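Reader: Please take me through this model one feature at a time, with the terms spelled out as we go.

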Amino acid sequence: MKQTNARMTSALSIAFMLFISMAVSKPSFADVDFGEVGEPVDLVIGYQPYYTESWSGVVNNGKQLWKKYLPAGSTAEFQIGLQGSVIVNAMTGEKQHIGYMGDMPAIASTFRNLKQRGGTDIRIVAVLGTSKQQCNIFLVRNDAPQFSSGRDAVKWMDGKITSAPHGACTDRFAQLAFQQAGIKPDRYLNQNIEVITTNFRAGKLDAAAIWEPTASKIVKAGIARRAASGEDFDALDGGFMVMLNDLIAQRPDIHRGWLEAELDAQLFMADPANADEVAAMAEAQTEKIDKDVLWHALYGNWPANQGGGEVKVQLDFVVSERVQTLLDNATAFLYSLPKKPAAAARIREGGVMDGVARDILKERGLTSPLAVIKAVGK
């Protein structure tokens, strides 16, 4: 009996030590150590080269602008996320520290501080850009009628089979357009960009809402036609930078330094003389998308009856009144969804922290918007 008790005690001791070891090897976010101010830091960046509105991340990566502002010896690993939600999940799991993404996942990320949503404190720290024709684009099948306007194209979708990635900015735009046009599709499917492309090829889809540069890629490949955009419905979309609050709190020098590099990246994108170089960097950081397609996604023009407009992207950098309205509308939409990716109808207090971005603008003698990228022919 004594031998049995000794074995049990020994087993329990081993189990306890294993538990302690596992707990130590998997720190919580509260235990993440980014070092002291001025020390080198190792960062992991989630970004979306497959989302044109967030290409300041492509430029920062391609030109290594961050090296100018971070302590010597620092590293920055850029990891691709095909959708913003993938980046948010990685940040929640402490695998990424800074994220470039669209408005919907950026908003949802600010609610991750709640215990039932993962307990991770993530803040919006800067605006990548806003547009009416980056995420808000409708494509139609090739044999659809020729439409005189984007609104007419959406009216044609009444009773048709339509699609979009639900919960994304495309979803908000599609539902807004259906409402304004007073129509109801026969089916409004939740499909990702790969399935949408396949279904257009197979003739199983009448219309879909999708973002750039995939929209231009599909059109240039002759798979579907562009028919409308947010220009037809005064619908705005946006891209945002988010950051772990632990990084913000522990390393104000990194917070500021990364935003300095972001500002440089946006100013580089805004210069028309750099358009070809930006497209080349995007080509190098994506797969199976031609440089000309990528160039057109950010800089190219479209006919007005296909949702074309003068401004491709406005580079806001900070949360202006225009951007705040977008955030309010998008948050209310997310809160209205059955699964409620946003835990309230408005972003929580402190969810937006663009004060440092504002300070940087002031110090450089700049104002928001920095510039607009205008559509041009080629």
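Author: Begin with the names: helices (H or I, at least four residues) and strands (E, at least two) are DSSP runs, numbered from the N terminus. This is a predicted model, in which local features need pLDDT of at least 70, side-chain atom pairs count only at pLDDT 80 or more, and totals for chains, interfaces and linings use all residues. Residues are numbered from 1 along each chain as its sequence is written, while side-chain values use heavy atoms, with hydrogens and water left out.

Reader: Let us start with the backbone. Which residues does a cis peptide bond join?

Author: Most residues other than glycine have a negative phi, and most peptide bonds are trans. Ser 368 and Pro 369 are linked by a cis bond with omega near 0°; Pro 369 lies in the loop between helix H14 (355–363) and S12. Another cis bond joins Glu 212 to Pro 213, with omega about 10°, and Pro 213 belongs to the loop between S8 and H8.

Reader: What is the phi of Glu 94, and what is that of Phe 317?

Author: Glu 94, although not a glycine, has a positive phi of about 55°. Its place is the loop between H3 and strand S3 (98–102). Phe 317, also a residue other than glycine, has a phi near 70° and sits in the loop between S11 and helix H13 (321–336).

Reader: Is Glu 94 buried or exposed, or in between? And Phe 317?

Author: Buried means under 20% relative accessible area, exposed over 50%, and partly exposed in between (1.4 Å probe, protein chains only). Glu 94 is partly exposed, at 30%, whereas Phe 317 is buried, at 0%.

Reader: Another loop residue is Gln 285. What is Gln 285 in contact with?

Author: Gln 285 is in the loop between H11 and H12 and is buried, with a relative accessible area of 12%. Contact means heavy atoms within 4.5 Å. Leaving aside neighbours within four places in sequence, Gln 285 touches Tyr 47, Pro 49, Val 58, Asn 61, Gly 62 and Ile 80.

Reader: How many residues of helix H12 are buried, and what covers them?

Author: An α-helix has 3.6 residues a turn, so residues three or four places apart point the same way. Helix H12 (residues 291–299) is mostly covered, with 7 of its 9 residues buried. They are Val 293, Leu 294, Trp 295, His 296, Ala 297, Leu 298 and Tyr 299. The cover includes helices H8 (214–220), H10 (252–270) and H11 (275–284), together with strands S11 (311–315) and S12 (371–374).

Reader: Now the sheet. In what order do the 5 strands stand?

Author: Strands of a sheet pair through backbone hydrogen bonds, either parallel or antiparallel. Two strands count as paired if DSSP finds at least two bridges between them. Here an open sheet with mixed pairing has the order S7-S6-S8-S5-S9. Strands S7 (187–190) and S9 (225–229) are at the edges with a single partner each, so one side of each has no neighbour in the sheet. Neighbouring strands are turned by 25° against each other on average, direction ignored; axes are lines fitted to C-alpha atoms, for helices over the stretch in contact, and angles run from 0 to 180 degrees between N-to-C directions.

Reader: How many bridges join S5 to S9, and what packs on the sheet?

Author: S5 (residues 137–140) and S9 run antiparallel, joined by 4 bridges, and Phe 138 has Ala 228 as its bridge partner in S9. Helix H7 (residues 193–201) packs on the sheet and touches S5, strand S6 (161–164) and strand S8 (207–210); the direction of H7 makes about 150° with that of S8.

Reader: Which residues of S6 are buried on its two faces?

Author: In a regular strand the side chains alternate between the two faces of the sheet. In S6, Ile 161 and Ser 163 are buried on one side, and Thr 162 and Ala 164 on the other. S6 runs parallel to S7, with 4 bridges between them; Ser 163 stands opposite Leu 189 of S7.
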